[in-house]
Amino acid sequence: MKPAHGIAWLASVAALALAAAGPAAAQKTQLTVYTALETDQLKAYQEGFNKAHPDIEITWVRDSTGIITAKILAEKAAPKADVIMGVAATSMAIFATEGMLMPYAPAGLARVAAQYRDAANPPAWVGMDVWGATICFNTVEAAKRNIPKPETWRDLTKPAYKGQIVMPHPASSGTGFFDVSAWLQLWGEADGWKFMDGLHENIAQYMHSGSRPCAAAAAGEYALGISFEYRANREKARGAPIDLVFPKEGLGWDLEAIGIVKTTTKADAAKKLLDWSISDAAMALYAKNFAIVAVPGLSEKLPNVPADYGSRLVKNDFAWAAKNRDRILAEWSKRYESKAAPK
Amino acid sequence: MLGEWIAARGGLLLLGSALFVFLTLPLAMLFVRSFEDRGGAFVGLANFARYVQTPALAQSTWNTLTFATLTTAVVVPMAFLFAYAIQRTCIPAKGAWRSIALLPILAPSLLAAISFIYLFGNQGVLKALLPVFGLEAIYGLPGMVLAMAFATFPHAVMILLASLSLADARLYEAADAMGASALRRFMTVTLPSAKYGLVSAAMVAFTMAVSEFGVPKVIGGNYPVLAIDVYKQVIGQQNFQMGAVVGLVLLAPAVVAFVIDALVQRRQKALLTARSVPYAPKRAVLRDALFLAYVVAISAYMLGVILMAAYGSFVKFWPYNLSFTLDHYRYGFEEAGVEHAYRNSLVMAGLCAVIGAAITFAGAYWVEKTRGADWLRPAIRLQAMLPMAVPGMVLGIGYILFFNEPSNPLTVLYGTMAILVASTIVHFYSSSHLTAVTALKQLDGEFESVSASLKVPFYKTFTRVTVPVCLPTVIDIARYYFVNAMTTISAVVFLYSPKTTLAAISILHMDEAGAIGAAAAMATLIVATSAVVTVVSLGVEHLILKRTQAWRRTSVAN
């Protein structure tokens with residue numbers, strides 16, 4: 001083939017490809033959604049939404065809570081996201097304070113419990129479901145090493161647990177952050193940090209997602225992983241020899257929340273996603289993963305999660321957590337990050 | 001003739017400006033940004049001062065140097081003994097051992113880390129061995145050094161095989177005649193002749209370890225290193241200025257290693273002269289048996305590490321239920337979106353192979369064989385060697401800073417497949433360029449002189465003579481790009497978008513989510529893909545050599 005022919009051939013292939021892709025792309029609205037939802041949840045949510053709105057295509061940008069939060073803040077001048085979905089309410093409160101969200105009252109907002117949405121009217125963000133602290137306790141490894149099952153957070157500072165506990169890094173993981181924030185709100189700053197000093201002595205690794213500590217405990221790498229109920233149930237269902245422990249003092253938690261980015265040029269499609277996200281159909285999907293969903297009465301009993309789970313959650317002040325997030329993370333990093341030696 | 005004049009200079013200019021835009025400018029942005037605050041105002045050394053004052057960051061610098069030094073100290077002797085066994089003893093089946101030793105090149109470095117968790121993790125099959133070496137747990141420095149030694153082994157072996165391949169038999173005869181002991185002969189004859197290779201191997205291993213991201217991420221536990229810090233600053237905190245600073249700190253040891261290597265190599269003199277007699281090892285039963293045992297052990301180790309990860313990917317629930325399953329592959333493909341990532345990787349690696357080989361080979365030809373625009377050549381040669389000293393992470397941040405700069409018209413490339421292909425080709429350019437130059441230098445310059453006197457434009461000579469003759473080399477380069485593009489994460493981890501996510505990056509994500517079985521599955525798939533591509537391309541090369549390169553055989557026979 002002579003070069004000239006080659007180029008003509010390439011050009012015609014390109015033209016064909018464009019012609020084929022053009023109309024299909026033009027019909028669908030592309031919605032960029034930043035999320036910290038678990039990868040294995042995204043597919044079901046996307047399919048559920050597309051059942052109602054096949055004309056809107058979601059492009060997920062997924063990362064852990066800490067990274068997604070930093071990314072959204074860094075892009076403040078020129079946001080790339082249209083919607084933020086499944087990101088901690090603590091982070092949403094920060095975006096709202098920064099004026100980055102477009103207040104919107106999705107259809108059926110009144111059904112959402114008042115404590116599970118932004119207090120403003122119309123709200124800047126709306127909750128989807130609650131995810132909360134759970135310890136994955138590996139019974140096989142514990143029996144081997146004679147480690148008792150913990151009942152409380154304070155138990156975890158006992159010498160018996162030395163080198164046996166993994167937990168999520170609060171700067172990377174939303175789960176890690178609400179643990180720290182709950183301990184501080186539960187016992188006050190002084191006692192909260194004192195507890196974490198003790199806990200730090202027993203921690204084998206700070207991991208960069210809320211799921212990995214439970215996966216590590218499930219695989220027996222460590223006896224205990226501080227994690228959240230969705231991952232704990234998933235691992236148990238896969239056959240992991242773990243018990244779910246809900247410490248007595250109270251459980252840290254946060255909301256997976258959704259909100260529209262103010263600068264979006266696709267507000268109509270974004271609003272459709274918000275309307276769907278608090279619909280009964282969506283709540284039914286969340287209820288498969290989490291014990292408490294934002295619309296009261298639509299929650300379902302999850303295996304391994306106690307019936308009184310809701311009353312075990314600590315009082316979580318999102319406004320306080322949002323305002324103090326930077327300070328808490330800096331203090332945490334100062335205390336525990338520079339002790340870098342491997343255990 | 002005007003056309004030829006333009007083609008000669010145009011090609012050079014094109015190559016020179018491509019390297020300038022895709023290598024030099026992004027790196028320059030790193031320097032610019034490191035002196036600015038978040039708003040873009042010049043702040044002098046303030047960022048560097050903050051870096052020094054952050055204890056966690058300063059700690060990482062020492063950790064990184066410790067990690068790289070230990071890795072080098074482990075891998076160089078290990079590789080030297082291996083290369084020595086192949087080149088200087090009479091063990092059987094050398095070709096097979098050699099192929100096995102090069103296997104880790106096909107695997108993402110993450111595979112080694114995952115495999116060492118299966119082997120020596122708290123539930124590892126060989127965990128009982130840890131206390132023998134005085135270790136409590138594999139996480140942290142021990143695991144990182146082991147995994148990195150595995151990943152750098154083939155690179156060190158290749159260099160040492162080359163440096164041990166030639167020796168002057170007269171020196172050995174002289175040593176024997178003077179009654180030198182075997183040890184003395186080794187210290188005074190063998191080692192000095194291999195010292196340039198040893199320095200090169202050490203520098204390559206050191207540089208690779210300094211800039212490694214995947215291994216510390218997966219098995220590093222609470223042992224922070226610079227590559228992780230760069231990632232945390234840039235991706236975790238979106239602090240590009242601090243990222244630029246850490247990137248420069250990361251660049252320093254790599255550049256020092258590069259310069260040392262370049263200085264040492266310059267002093268290298270020809271080991272063989274016209275009067276030399278090539279050294280051929282003689283049989284020595286005990287020595288050969290010992291070296292065979294060593295080579296078999298190392299080969300078993302290399303295979304074992306890869307097979308352990310493959311095994312883990314087929315196990316239902318490690319370590320409690322070891323029955324066979326395809327669940328991890330199914331999970332990866334159906335739920336974690338790996339199918340998409342795997343396809344992207346194939347496309348990316350394919351593009352890198354084709355475009356990379358074309359640009360590298362044509363570029364080397366333009367630089368070495370054409371005439372005119374001589375002022376451009378040194379600049380191009382320098383830029384062609386630069387990527388060797390630039391860690392992938394550093395190149396990646398440079399790309400973000402440069403291509404995400406709103407005033408840059410090239411921002412359209414940001415988040416596309418094109419930027420992944422460009423960064424990967426640049427990242428692996430130096431070795432490919434050297435390979436092409438070596439092959440071209442073996443061709444007599446007479447070809448160009450004859451075509452010039454026959455008034456045949458040089459590009460006809462290029463397409464009709466040079467490319468067909470060098471086709472095996474071109475395929476080698478394409479394969480090198482393909483295999484590396486399949487496994488690389490360091491630069492692309494900053495540059496992928498949701499639509500262009502890659503298989504090697506999905507390993508990282510699955511490991512982070514705790515799906516280690518699925519991560520092992522993806523790593524296994526990458527090794528298998530690269531292995532198939534390698535075997536097929538070697539087969540094609542073999543056919544080409546048989547059909548069109550008969551002239552090479554006569555020269556070998558001489």
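The interface between the two chains brings 33 residues of chain B into contact with 38 residues of chain A, where two residues are in contact if their C-beta atoms, placed from the backbone, lie within 7 Å. The model is a predicted one, in which local features need pLDDT of at least 70 and side-chain atom pairs count only at pLDDT 80 or more, while totals for chains, interfaces and linings use all residues. Residues are numbered from 1 along each chain as its sequence is written, and chains are lettered from A and ligands numbered from 1 in the order in which they are written.

On the side of chain B that touches chain A, helix 3 (55-88) and helix 10 (226-236) of chain B each supply at least two residues; helices (H or I, at least four residues) and strands (E, at least two) are DSSP runs, numbered from the N terminus. Helix 3 of chain B gives the most to this side, with four residues. By residue class, the side of chain B that touches chain A comprises 16 nonpolar, 14 polar and three charged residues. Here Ala, Val, Leu, Ile, Met, Phe, Trp, Tyr, Cys and Pro count as nonpolar, Asp, Glu, Lys and Arg as charged, and the others, Gly among them, as polar.

Within chain A, the domain assignment gives domain 1 (25-130 + 254-306) and domain 2 (131-252 + 314-337), with bounds that come from an automatic or database domain assignment. The C-alpha centres of these two domains of chain A lie 26 Å apart. Their contact takes 24 residues from domain 1 of chain A and 23 residues from domain 2 of chain A. On the domain 1 side, at least two residues each are supplied by helix 3 (65-74), helix 4 (89-97), strand 5 (126-138) and strand 10 (253-261) of chain A. Helix 4 of chain A provides the largest share of that side, five residues. The residues of the domain 1 side in chain A divide into 13 nonpolar, seven polar and four charged.

Chain B is assigned domain 1 (1-27 + 326-558) and domain 2 (54-288), whose centres, taken over C-alpha atoms, are separated by 24 Å. The contact between them takes 29 residues from domain 1 of chain B and 27 residues from domain 2 of chain B. The elements giving two or more residues to the domain 1 side are helix 16 (392-403), helix 20 (458-487), helix 21 (503-512) and helix 22 (516-548) of chain B. Helix 22 of chain B gives the most to this side, with nine residues. The domain 1 side in chain B consists of 23 nonpolar, five polar and one charged residue.
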